[in-house]
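Me: I have a model open and want to learn how to read its features. Can we take them one at a time?

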Amino acid sequence: MDFPKYDGNIHPNEWINDIKRYFKLKNTNINDRLGIAISFVDPIISLPAKFDSLDKLCNVLKEDISFTVFKNTNERMLQSLKYVPENKGGNTSKFISKFRKLCYNAEINDIEEQKKYLYNSLPLPINHFDSISIEFYKKMENVDSINKLIKEFEDFAVYLSKLITNESIVVLKHVATGKYLSSNANLCYNTGSSTQLVSVENSKFGPNSLWKIRFNNNELATYGSTHVTLQHVKSIMLLGINSGLYQSPSTNHTEVSCNNMSNYYWVKDWEFNHAKVGNHQGFLKSNDIINLRIKKFYDINGNPIPNGQVEYLRSHDIQFNVGNDTFQEVVCHNERLGGNDEWCIELIKQYTWTLV
């Protein structure tokens, strides 16, 4: 197999290194190597009359206009390079390989320049462009080598993949019992509101445990400022309370159920805070441990509660029956927070961002 010609579409350093390995593999006579290499250079590239080594041939090739065009082409390709995460059909490993190759070909070796090109490749949500930008530069601040740069980018790509976007599909695992928040379209409470019951069930999630999470006109949910709704995927009903008018089946806390929006008293907007860290900031992401809270506006007698009363979503080992079936109760309460109020939110399917 003949060695490929040099036609200006490969970096001269790479071509010379390849041809040196080729000569070594073929055990080519040292005195013949330069002449053979020259014969592999495409005639469109002009060479001076005399030079005496492969290294000098490399320098000659770099002086030709074709190398300038080659570098500029690779730099433009680098500027247009876009990272596509795996959950949208991309391949991080191939992306990094291409990024490094383009940097090499364009002779962009300055680490700060490489950071800028990597940042430009990110698929950022429009509504949170500035916030994600700050997060990226924080991670890259002390990077001083290409290996560290790639490691930090990989970590940042993992971070992006865990962000819970508007209309994503999630599950909520009750931390204390390891069971999933669930509802069943065919089952209603025997007491209270008689609406679609909510419980925690199974240590493995199934169709009854899937929820579509929505935010108020945002692509990402921010701790401390975002309200969310949770729509049961199978029944299309919303998780909430009948404004506190009904008691739970066993413990007489506030009943939690699934309903549609036709009920005037229905409250479906939840707030969340991080269960492990005070004043937690940033975006909601998969595997965060959270508390969910909601406001009820009436007591069980139908009397209004001025400004509403904050109550937290809780489950526990107390059970109730519907027919011959037994369920683990889910309620809202205004007692002291504890382990039974912790929920691990897990991302099942990330909804596609509106990207820049």
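Me: Are α1 and α3 roughly parallel or roughly antiparallel to each other?
Reply: Keep in mind that this is a predicted model. To read a helix pair, start with the angle between the N-to-C directions. Over 145 degrees counts as roughly antiparallel. Here the axes of helix α1 (residues 12-26) and helix α3 (residues 54-63) cross at roughly 150° and come within 9 Å. α1 and α3 are therefore roughly antiparallel. The crossing of α1 past α3 is right-handed. On the α1 side, the contact is made by Pro12, Asn13, Trp15, Ile16, Lys20 and Phe23. On the α3 side, Leu54, Asp55, Leu57, Cys58, Leu61 and Lys62 take part.

Me: At what angle do helix α6 and helix α8 pack?
Reply: The angle is about 25°, with the axes 10 Å apart. The ranges are α6 at residues 111-120 and α8 at residues 146-162. Angles under 35 degrees count as roughly parallel, so α6 is roughly parallel to α8. Their crossing is right-handed. Ile111, Gln114, Lys115 and Leu118 of α6 make the contact with Ile146, Leu149 and Phe153 of α8.

Me: How do the axes of α5 and α6 cross?
Reply: Helix α5 (residues 92-105) and α6 have axes that come within 12 Å and cross at roughly 135°. That makes α5 oblique to α6. Again the handedness can be read off: α5 passes α6 in a right-handed crossing. The residues that meet are Phe95, Phe99 and Cys103 in α5 and Gln114, Tyr117 and Leu118 in α6.

Me: Which domains does the chain have?
Reply: The domain assignment gives domain 1 (12-63), domain 2 (67-162) and domain 3 (168-349).

Me: Which residues of the largest nonpolar core touch the most other members?
Reply: General idea: in soluble globular proteins, nonpolar side chains tend to be buried together. In this model the largest nonpolar core has 36 residues. Leu181, Ile213, Leu239, Leu284, Ile290 and Leu313 touch the most other members. Apart from that core lies another, of 29 residues, with Ile96, Phe99, Leu102 and Phe156 among them.

Me: What does Leu313 touch?
Reply: Residues up to four places away in sequence are not counted. Among the contacts of Leu313 are Leu181, Val256, Trp270, Leu292, Val330 and Trp343. The list also includes Asn340 and Asp341.

Me: Is Ile294 buried or exposed?
Reply: Read the relative accessible area. Buried means under 20%. Ile294 has 3%, so Ile294 is buried. Ile294 is found in strand β10 (residues 288-298). Its contacts beyond four places in sequence include Gly240, Ile241, Val267, Trp270, Val310 and Cys332.

Me: What phi does Asn202 have?
Reply: Asn202 has a positive phi of about 65°, although it is not a glycine. Its place is in the loop between β3 (196-201) and β4 (211-215). Asn202 has a relative accessible area of 45%, so Asn202 is partly exposed.

Me: Where is Asn287 found?
Reply: Asn287 is in the loop between β9 (270-274) and β10. Its phi is positive, about 75°, and Asn287 is not a glycine. With a relative accessible area of 45%, Asn287 is partly exposed.

Methods:
Residues numbered from 1 in each chain as written. Predicted model: local features only at pLDDT ≥ 70, side-chain atom pairs only at ≥ 80, totals over all residues. Heavy atoms only, no water. Domains from an automatic or database assignment. Core = buried A, V, L, I, M, F, W, Y, C linked by side-chain atoms within 4.5 Å. Buried < 20%, exposed > 50% of the residue type's maximum accessible area, 1.4 Å probe, protein only. Contact = heavy atoms within 4.5 Å. Helix = DSSP H or I, 4+ residues; strand = E, 2+ residues; numbered from the N terminus. Axes fitted to C-alpha atoms, helices over the stretch in contact; angles between N-to-C directions. Parallel < 35°, antiparallel > 145°, perpendicular 65-115°, else oblique. Left-handed = near helix turned anticlockwise from the far one by under 90°.
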